[in-house]
Amino acid sequence: MNFIRTLLSKRKLAKFVETGVVWGWDDPRFPTIRGIRRRGMTIDALREFILKQGPSRNIVNLDWTTFWATNKKYIDPVAPRHTAIELENAVTATVKGARVAPYTEDKPKHGKNPELGTKKVAYSSEILIDQADAQAFAQDEEITLMNWGNAIVRSISHSLNPIHRSLVTSLELELHLQGDVKKTKQKITWLAKSGQEPIPVELVDFDYLITKDKLEEDDNVDDFLNPKTEFRTEAVADGNVAELKENDVIQFERKGYFKVDRAFKHGEKAVMFCIPTGKENKGK
């Protein structure tokens, strides 16, 4: 059994370790048990996938899609939901109709699994929104602020820099809590700018180490090395993330599932590895 764009030769994998292509044998890009476990694979999903393959002498070239889709079945029902906003060009939105003083409310960590308990969600008259979401808004459009309710986009300000004119620099929203959340096109995540200490996090995603689906005997591995296989995004997360421990698995809503590789410590940001779900085309 082989996987596309993946080396299973111990000799070739050892060369990757020795030459610094990867961090070590537990690198989340590696097809080792330690590697896939560090990336977020559960024992139950691994066992199910192996049993489904059954005994066979045929050599097949498998895609990672089914492998990670199996894993999603196990983590989705038990992964607490959290919020993260990317720091690059994040947009501050003023929320008309919000209380003057910030406050918090208890909300379920998982809408379908009350056994996971509750988390604190902060509300304030200024919130932080991802740039990509802000760019998708239209003037006077009704949107949904997840875990809050509907709001109407009353004002959109853009950068005056001609090179970055499409960048949104600020927003004015007006709460419309009686609005129907089922009728809005944009349902976005956000973080209050006060009322809860934001937690710095680094979101890390990965790609395949090699660029060819199947290497032939006479192929030189070095000719097919992927030049960029690691993608890091600086973000801030809700204050509840400070309680997460190493190896915890969560979902950042609308961003994906993540495993805590390094827990947050004061002065040291949390590092979270994106867990593939089987939907992506690459080894993510």
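Strand β4 (residues 84-86) runs antiparallel to strand β15 (residues 230-237), and the two share three bridges. In this pairing, alanine 84 sits across from alanine 237 of β15. Here strands (E, at least two residues) and helices (H or I, at least four) are DSSP runs, numbered from the N terminus, and two strands count as paired if DSSP finds at least two bridges between them.

This is a predicted model, where local features need pLDDT of at least 70 and side-chain atom pairs need 80 or more, while totals for chains, interfaces and linings use all residues. Numbering starts from 1 along each chain as its sequence is written, and side-chain values use heavy atoms, with hydrogens and water left out.

The pairings side by side:

| Strands | Sense | Bridges | Example pair |
|---|---|---|---|
| β14 (199-206) and β15 | antiparallel | eight | glutamate 202 and glutamate 234 |
| β5 (91-96) and β11 (168-175) | parallel | five | threonine 92 and serine 170 |

There's also an open, mixed sheet of seven strands, in the order β12-β9-β10-β11-β5-β8-β13. β12 (187-188) and β13 (191-192) are at its edges with a single partner strand each, so one side of each has no neighbour in the sheet.

Now the inside. The structure has one cavity of 30 Å³ or more, and the largest cavity has a volume of about 210 Å³. (On a 1 Å grid over the protein atoms alone, a cavity is a set of points where a 1.4 Å probe fits but cannot get out; lining residues have an atom within 4 Å of a point. Points are joined across faces, edges and corners, and the volume is the space filled by probe spheres set on them.) Its lining has 18 residues, with Thr6, Arg29, Phe30, Trp64 and Tyr208 nearest the centre. Helices α1 (10-18), α2 (33-39) and α4 (64-75) each give two or more residues to that lining.

Notes:
1 Å grid on protein atoms, 1.4 Å probe; cavity = no way out; pocket = protein on both sides within 12 Å on 5 of 7 lines; lining within 4 Å.
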